[in-house]
Amino acid sequence: MPQQKDIVKIAIQMPGAYPQLIQLDQKKPLSAVIKEGRCAEDLYKGIQSSDSGVRCDSLKELANVSTDVTFAQEFISRDGHLLLVKIVEDANELVLCVCVCPCNVIMTHTLTGFMELMDHGIVSWENLSSVFIKKIASFVNAKLTDASIQQVSLDILESMVLSSHGLFLQVKQEVTMERLIAHLQVTNQQIQTKAMALLMALLQTAGDSDRQVLLQSASYFLMHFHQLPLVIAIQTSKHADILQTYWVIQDEMAHYLYVLQSVTLNHLEARMRTPMDCYSQEQRDTLHNLRQAAFENESENSLSNERRRSLCAKEFKKLGFSNNSNPGQDLVRTPPGLLALDTMFYFAARYPDAYSRFVLENSSREDKHECPFARSSIQLTLILCEILRIGEPPSETGSDYHPVFFSQDRLMEELFCVCIQLLNKTWKEMRATQEDFDKVMQVVREQITRTLSSKPTSLELFKNKVNALNYGEILKLRQTERLHQEETLAPPVLELKERLKPELLELIRQQRLNRLCQGTMFRKISSRRRQDKLWYCRLSPNHKMLHYGDAEEDTDNPTVETLQKKIPVADIKGLLTGKDCPHMKENKGKHNKEVLDSAFSITYDVEEASLNFIAPSRTDFCLWTDGLSVLLGREMSSESMRSELEILLSMEIKLRLLDLENVPIPDIAPVVPKPPSNYNFCYDFSQTEQ
């Protein structure tokens, strides 16, 4: 029996053997190498058979086994790939129609096998002839080509583009952008994805000038991506199962959309990284046009130079520039550089009414409360650049794209126009001053980020959502997220809260009754609104009598015995508050809101009499109305009670969960193990452990 080295020598000397075997004998068993060589020889002969059935079966098998690198080397060493190239070059695209025929099947297997062989990198893409490239491009450009052939052809063209700049130029010349965009609008998701992959390859390989031309050619698709026939069919459908079946953005397509968005937005990087040139007449004119759009000065030309400079400085200050005499200095910092000037000028030209309203409204406020337009615009442009990741190269695995991008030709500028008005609205909601500028910008960043994360499909939808997310809503969301972070909203914790509530409510009830037993000094309000008379009211220790009577101001907690009047708690029928109180009805319209909010009365069944109170403070009002509600067997409802209950619950929960810090709490309780089949076990404590 010969050794393996002898077998290698014999294999090398055999007809049809090639030097690649020497390189592969240590990576793969020799028997497998010989087997792959025989398979390659058989398929090579089968592809050249005059029998169409044998040729089709051989090409089908080739498409399956070409993924193996050993087979690929064997087949390519026999110039098998050139045989496939010849089949493609000799094909008549008029025959390759959409109907099912052997020609379509043969061509599909041929292209699939060729693509698998080339993926191994054994043969350079640059060795392909221009005839072959034109033929593949014709399969893509033809309207009636079979879908399977188009799909593989798009795949081959993508690999060509990515392999070299020379092939990129040939493919760009042969493939019409009209047909490529048409492939993006079909209902076949595989063709959509492959067409998008080719478009991304063209955009990423192209230079700046070529990329701009390609983007302009694809602008129709960018503007109408959300109106693809497939999406329209889903949006008009009333069946949710159709949506799940037909329109699901696959990960690969999501990545290409992300790349397309990134490549398009990165065209703004040059402006973002270019500082303003104070010696550029064009840029200075843009600044002055921005000023003139906000402040119309018909007689400006008649002013002297000194007077004109003074007027300009004053108006630039109103616009919010920190450097009034030379506002261009505010735009020297990069980023956002000149991009901030572009967005401001776009807003002023596109929405002149909104721009004038913003500037004039803030010009009329006090200096410390005005929202500086220029400073806000520069910072907002920087925030949008960071959120949209302008200037960052697309990630190889990224898939986070914004659907709103595909509904606008100038997304950055339009987003700015919406968000600068949002900023002014948020500034007023926060009642901000110049010292609060950074806080306002943080809130605005959060409003934009949260709204974009909801994936709005149009600018109008984005505008509605971001304006609905006001400062109050942001505070609520922050509070909710903080509670979630502390796990106080986890289902087990919420259940624990519900169990603790009765005990804590009883604690608050006892505190309210104790407070009523201590009593409170009240003032009487006569018809002349004099408040010189005092009276005291307190609950008896056994909670059965309400004692009250006149008292002197220097009296400290009168005893029950000194209070001459009393009302049995059992006789109390109702508790009234605010404008429903009898003493508020008597002088209707004469009491201010503070008095109304502090008024309460109790009614008792002695000729429908009432005892009227004006609480000295809001806290006393809450304590007494809660305490009287407890005496009447009602639920406490004051805001003070709710606040105290929340504080007590929070403290109790934190104390009970102290030992579970950094331990995740499951949403569902763990399954309790089944009891043992018997309890015949015990532990003997009598024996001393060794």
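1. Contact here means heavy atoms within 4.5 Å. Axes are lines fitted to C-alpha atoms, for helices over the stretch in contact, and angles run from 0 to 180 degrees between N-to-C directions. Helices (H or I, at least four residues) and strands (E, at least two) are DSSP runs, numbered from the N terminus.

2. A word on the basis. This is a predicted model, in which local features need pLDDT of at least 70 and side-chain atom pairs count only at pLDDT 80 or more, while totals for chains, interfaces and linings use all residues. Residues are numbered from 1 along each chain as its sequence is written, and side-chain values use heavy atoms, with hydrogens and water left out.

3. Two strands pair if DSSP finds at least two bridges between them. Strand 5 and strand 6 (residues 599-604) run antiparallel and are joined by five bridges. Leucine 576 stands opposite serine 601 of strand 6.

4. A second open sheet has four strands in the order 1-2-3-4, and the pairing is antiparallel. The edges are strand 1 (520-523) and strand 4 (565-568); each has a single partner strand, so one side of each is left without a neighbour in the sheet. The twist here averages 25° from one strand to the next. Four bridges join strand 1 to strand 2 (residues 534-539), and these two run antiparallel. Threonine 520 has cysteine 537 of strand 2 as its bridge partner. Helix 28 lies across strand 1 and strand 2, at about 135° to strand 2.

5. Arginine 515 deserves a look. Arginine 515 sits in helix 28 (residues 491-518). The side chain of arginine 515 reaches the backbone oxygen of glycine 519 at 3.0 Å. That is a polar contact: a pair of N or O atoms within 3.5 Å, where within protein one must be able to donate a hydrogen and the other to accept it, and residues adjacent in sequence count only if both atoms are side-chain atoms. Setting aside neighbours within four places in sequence, arginine 515 is in contact with Thr520, Asp620 and Leu623. Threonine 520 is the residue bridged to cysteine 537.

6. Now the helix pairs. Two packed helices are described by the angle between their axes and the distance between the axes. For helix 11 (residues 177-184) and helix 12 (residues 189-205), the axes come within 7 Å and cross at roughly 140°. The two are therefore oblique to each other. Angles under 35 degrees count as roughly parallel, over 145 as roughly antiparallel, 65 to 115 as roughly perpendicular and the rest as oblique. Helix 11 passes helix 12 in a left-handed crossing, meaning that the near helix is turned anticlockwise from the far one by less than a right angle (right-handed if clockwise).

7. On the helix 11 side, Met177, Leu180, His183 and Leu184 meet residues of helix 12, among them Ile191, Ala195 and Leu202. By class, this contact has nine nonpolar, two polar and no charged residues. Ala, Val, Leu, Ile, Met, Phe, Trp, Tyr, Cys and Pro count as nonpolar, Asp, Glu, Lys and Arg as charged, and the others, Gly among them, as polar.

8. Helix 12 also packs with helix 17 (residues 251-265): the axes come within 10 Å and cross at roughly 30°. Helix 12 and helix 17 are therefore roughly parallel to each other. This crossing is left-handed. Contributors include Met196, Met200 and Leu203 of helix 12 and Met253, Tyr256 and Leu260 of helix 17. The class count is ten nonpolar, three polar and one charged residues.

9. Most residues other than glycine have a negative phi, and most peptide bonds are trans. The bond from threonine 334 to proline 335 is cis, with omega near -20°. The bond from proline 335 to proline 336 is cis, with omega near 10°. Proline 335 lies in the loop between helix 20 (305-319) and helix 21 (338-350), and proline 336 is placed in the loop between helix 20 and helix 21.

10. Arginine 389 is not a glycine, yet has a positive phi of about 55°. Arginine 389 lies in the loop between helix 23 (373-387) and helix 24 (411-429).
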